[in-house]
Amino acid sequence: MTNRAWNRLSSVSEYDTLLLTAGIWFLAKFLRFSFPALFPTFRTEFGVSNAFLGGVFTATMLGYSLMQFPSGVLADRFGAVQVIAVGAVLAAAGALVLGFHIPLVVLIVGMLLVGLGTGVHKTVAIRLLSRVYSERTGRALGLFDTLGAFGGVAAPTAVLFVTGMGNWHALFLVGAAMGLLLAAGVVVYVPRRTESADAADSASAASATDGGESTGSFEPRRYLALFRSRRFTLFVGVTVCFSFAYNGVVAFLPLYLTTHGLSDSTASLVYSMLFAVSLVQILTGDLSDRIGRLPLAMAVLAVAAGALGALSVVGNASALVFGTIVVALGLGSHGFRPIRGAYLAASIPEDVAGGGLGIARTILMGVGALAPAVVGVLSDATGFGVAFGLLAVTMAGGALLAGVTALVERRVTSPLSDVTGGDPR
């Protein structure tokens with residue numbers, strides 16, 4: 001092998017951790033966003049209402065959110081590789097359950113398993129990638145979220161294909177096989193990329209122990225102490241607003257489009273556009289490393305809020321109009337994701353990084369998980385206009401809180417100084 005070819009191979013192999021974790025995130029998105037695209041099929045096959053479907057999806061997302069904190073704590077103690085692999089296997093098990101003709105109660109069980117299994121992944125993956133690619137965290141997270149978001153692009157198209165064949169279960173059999181293969185890849189390839197980071201963490205843990213602080217036991221107060229920081233708490237508020245608004249619209253956007261004049265196939269295409277524009281994450285992730293995270297967060301959240309406001313008032317419209325609005329929503333929403341991950345990863349002290357990120361994501365995803373149920377009930381009672389109007393106001397609140405966080409941050413000179421020894425602010 002020539003030196004040039006070897007250098008190219010080495011360059012590609014540097015990103016095996018990113019590609020494998022992003023592959024699992026792709027699968028997580030693919031499985032979760034297949035559910036909303038299947039809502040019309042579920043309504044027909046099982047004879048259930050919007051409120052019921054929203055409630056089941058909320059339960060799935062609550063399972064997802066409840067795994068954020070424990071997965072982070074387990075990764076702090078036992079390592080990211082093991083936790084990521086177990087989560088992928090659990091998600092594959094849920095997909096396998098959905099791969100066969102089943103009654104409604106078993107469908108719910110399968111969806112809950114998918115929620116629990118996919119909930120393990122992102123908190124741990126963000127921490128892992130911030131260690132492996134410490135000098136390029138924003139860019140790595142932008143690529144991670146972008147590759148993962150294409151699961152949302154693929155989901156409605158795949159659903160359209162399998163429902164056209166009359167067997168939506170086949171989609172989940174493929175998902176189960178992907179999950180097992182990716183879990184095996186993580187176990188085989190990722191540990192060698194984390195050896196130096198693990199050594200650094202061990203040295204940090206030893207230093208903390210020498211200073212009188214044991215890191216070998218689980219101490220909830222060390223994680224809860226993060227909320228003594230005003231700017232950390234405010235930014236968690238930003239993420240909560242975003243998560244509620246985004247989860248609410250994603251759960252019902254396909255159904256909304258079909259009830260506002262679009263055919264099933266056209267609605268699936270427009271829904272796919274929401275995820276197709278996720279390439280913006282590469283740009284916003286890179287920009288967040290260069291120009292600052294909070295001003296950029298304000299801008300992208302304002303774009304997303306404007307798009308949600310348009311959805312709440314537009315009524316029946318053409319595919320072009322809906323496509324334009326959905327693209328704007330996707331640009332704003334996906335543009336925020338790497339900013340969120342990079343800001344939290346940079347703000348949380350090293351010794352509680354996994355659990356600290358986990359508790360933040362538990363809160364934001366837990367509140368966000370309520371959105372499908374809220375939108376389902378409101379859409380049944382008053383229509384989608386009121387429901388999506390509420391989401392628009394919530395997203396705008398996130399942009400406002402990002403501005404307040406930026407003002408508070410100007411008074412702080414070190415990351416979470418109030419947690420690590422400075423005065424509370």
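Leaving aside neighbours within four places in sequence, valine 326 is in contact with Leu253, Val270, Met273 and Leu274. The model in which these contacts are found is predicted. Valine 326 lies in helix 16, which spans residues 319–347, and its relative accessibility of 0% places valine 326 among the buried residues. A further residue, valine 277, stands 49 positions away from valine 326 along the chain, with 9.5 Å between the two C-alpha atoms.

The setting of this residue is a protein chain with 20 helices and zero strands. Of the 425 residues of the chain, 54% count as buried. The accessible surface amounts to about 16600 Å², and carbon and sulfur atoms account for 67% of that surface. Contacts between residues at least 6 apart in sequence were also examined; 85% of these join residues at least 24 apart.

Helix 3 (residues 50–66) and helix 4 (residues 68–78) pack with their axes 4 Å apart, at an angle of about 25°. Because angles under 35 degrees count as roughly parallel, helix 3 is described as roughly parallel to helix 4. The contact brings Tyr64, Ser65 and Leu66 of helix 3 together with Gln68, Phe69 and Pro70 of helix 4. By residue class, this contact comprises four nonpolar residues, two polar residues and no charged residues. Within helix 4, the buried residues are Gln68, Phe69, Ser71, Gly72, Val73 and Ala75. Glycine 79 follows helix 4 and has a positive phi, near 110°.

Methionine 365 belongs to helix 17 (residues 353–369) and is buried, its relative accessible area being 6%. Apart from neighbours within four places in sequence, methionine 365 is in contact with Met61, Tyr64, Ser65, Gln68, Ser243 and Asn247. Between methionine 365 and methionine 67 the sequence separation is 298 residues, whereas their C-alpha atoms are 9.8 Å apart in space.

Tyr64 is likewise one of the contacts of tryptophan 25. Tryptophan 25 is located in helix 2 (residues 16–46), where a relative accessible area of 1% makes tryptophan 25 buried. With neighbours within four places in sequence left aside, the residues in contact with tryptophan 25 are Arg32, Tyr64, Thr118, His121, Lys122, Phe144, Asp145 and Gly148. Leucine 147 lies 122 residues from tryptophan 25 along the chain, and a distance of 7.8 Å separates their C-alpha atoms.

The structure holds one salt bridge, formed by the side chains of glutamate 409 and arginine 231 at an N to O distance of 3.1 Å. The pair links distant parts of the chain, 178 residues apart: glutamate 409 is in helix 19 (residues 384–409), while arginine 231 is in helix 12 (residues 230–258). The two partners fall into separate accessibility classes. Glutamate 409 is partly exposed, at a relative accessible area of 28%, whereas arginine 231 has 7% relative accessibility and counts as buried. The assignment of arginine 231 follows from the cut-off, because buried means under 20% relative accessible area.

Alanine 310 is placed in helix 15 (residues 293–313). Its relative accessible area of 25% makes alanine 310 partly exposed. The C-alpha atoms of alanine 310 and isoleucine 325 are 7.0 Å apart in space, and the two residues are 15 apart in sequence.

Key. Residues numbered from 1 in each chain as written. Predicted model: local features only at pLDDT ≥ 70, side-chain atom pairs only at ≥ 80, totals over all residues. Heavy atoms only, no water. Axes fitted to C-alpha atoms, helices over the stretch in contact; angles between N-to-C directions. Helix = DSSP H or I, 4+ residues; strand = E, 2+ residues; numbered from the N terminus. Parallel < 35°, antiparallel > 145°, perpendicular 65-115°, else oblique. Contact = heavy atoms within 4.5 Å. Nonpolar A, V, L, I, M, F, W, Y, C, P; charged D, E, K, R; others polar. Buried < 20%, exposed > 50% of the residue type's maximum accessible area, 1.4 Å probe, protein only. Salt bridge = Lys/Arg side-chain N within 4 Å of Asp/Glu carboxyl O. Areas by Shrake-Rupley, 256 points an atom, 1.4 Å probe, with all protein chains shown as cover.
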